[in-house]
Amino acid sequence: MQRDDMILVSVDDHVVEPPDLFEHHLTDAWKSRAPRVVRKKDGSDVWLFEGQQLPNIGLNAVVGRPPEEYGVEPTSFDQLRPGTWNVHERIRDMNANGVLASLCFPSFPGFCGALCARTKDKGVSLKMLRAYNDWHIDEWCGAYPGRFIPLALPPLWDPKLMADEIRRVAKKGCHAISFSENPEKLGLPSLHAEHWDPFWSACSDQGTIVCIHIGSGAGMAFTSMDAPVDVMITVQPINIVSCAADLLWSRVLRKFPRLKIALSEGGIGWIPYFLERADYVYQHHRAWTHQSFGAKRPSDVFREQMVTCFIDDPVGIANRHAVGLSTITWECDYPHSDTTWPESPERLAAQLVGVPDAEVNQITHENAVRHFRLDPFAHIPKERCRVGALRAQARDVDLSVSSKGGKPPSADRAKLVTSQDIVRQLATAFASPTE
């Protein structure tokens, strides 16, 4: 398939929330309690909510900046590419990248809404979480029908409230919800607990896919503080293997056979061995571990209920049938540091050389459209959804790299950047005063 003929749907991007997020979704009585943006003495912008300070972390929004300026230094909106937080500019950036549709994970609330879960006043938490979901569905996604996959945040502290929210947002056309890869790390029951059954049941009944993003449990995985930060960046996606194993061997998938779970930003190259290992363990150990998949193997259940997601994964594409072709979806990861923007079509096409057109279509958009219940062609003629047609609308978009300044993670430009450098840099975001 020619590059310009592809249709690209990204199931993992991110939004940096605009300062006026809560303006139209709360009554005046609640607006005084809402998260708000303040400019700090150091020039960075942070969200303040119930005594918590929440910065825009650099690596989460470095798109358009030179790689030499990457780091986790907190940033101001002035330093961000407008497409990170302005939906109209986001669409222009999507067009320039040939991307038809996008699912956007949150930033300051945490990938699965952990901010609201750790806030003491749960009445305030629930009000703000629902306002956030309404903004995301009605304003961010609603501004351009067919161009976004709505994603809701759950009230993690109460599974019954989670179920209620799933049903509420489903009526608004939202059929995806975020969840944690390891809720126990958030001080909540583990994935194995029956505690979550109302949540799983509502997702199953409503056809809502559960999106589990890397880092949504324990956050960044540091092997040691003196390890090069490259170690963390390398293993972070693959760490979702623990979540995949937890779910596969738990009772969840077998009790709720219609449930679908997406392993967001987890990559796919590791999956063939993981499934081989799971089947081997089942064959050799089920007699004493008391596992039962009936007439199926663990790999069968995985391929039926798990959705896999990749950014750049030539090994995974080469082994796509061992992964499970119908499970594979593609990600752009805009505006994070791993993103392939604005060259996603070129990067992806190079990996798809020799792949039959029918399989290319599955990987680039058909699987995503099916699993995430997206219907873009109801809003946009299919021929206008292709890479070439979208890019033709964006010839005036400035794709040049632009320096935004900022302090490096380490004063010594010659030494390897370590985990400790990153932790130290990030700590300044929470230590420096807001006024």
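Two strands pair if DSSP finds at least two bridges between them. Strands (E, at least two residues) and helices (H or I, at least four) are DSSP runs, numbered from the N terminus.

This is a predicted model, where local features need pLDDT of at least 70, side-chain atom pairs count only at pLDDT 80 or more, and totals for chains, interfaces and linings use all residues. Residues are numbered from 1 along each chain as its sequence is written, and side-chain values use heavy atoms, with hydrogens and water left out.

**Stop 1**

**Stop 1: strand 2 to strand 3**

Select residues 36–39, which are strand 2. Find R39: its bridge partner in strand 3 is D45. Now look at the hairpin, with 5 residues between the strands. There G43 takes a positive phi near 90°.

**Stop 2: strand 3 to strand 4**

Select residues 52–55 for strand 4. Strand 4 pairs with strand 3 over 4 bridges, in the antiparallel sense. Which residue of strand 4 is the bridge partner of W47? It is L54. For V46, the partner in strand 4 is P55. This hairpin has 2 residues between the strands, and E50 takes a positive phi near 50°.

**Stop 3: inside strand 3**

Select residues 45–49. Are the residues of strand 3 buried or exposed? Strand 3 is mostly covered, with 5 of its 5 residues buried (under 20% relative accessible area; exposed is over 50%, partly exposed in between; 1.4 Å probe, protein chains only). In a regular strand, side chains alternate between the two faces of the sheet. Color D45, W47 and F49 for one side of strand 3, then V46 and L48 for the other. Both faces are covered.

**Stop 4: two helices**

Select helix 4 (residues 122–141) and helix 5 (residues 159–170). They pack at about 25°, with axes 12 Å apart. Axes are lines fitted to C-alpha atoms, for helices over the stretch in contact, and angles run from 0 to 180 degrees between N-to-C directions. Helix 4 and helix 5 are therefore roughly parallel (under 35 degrees; over 145 is roughly antiparallel, 65 to 115 roughly perpendicular, the rest oblique).

Now show side chains. Contact (heavy atoms within 4.5 Å) is made by residues including L126 and I137 of helix 4 and L161 and V169 of helix 5.
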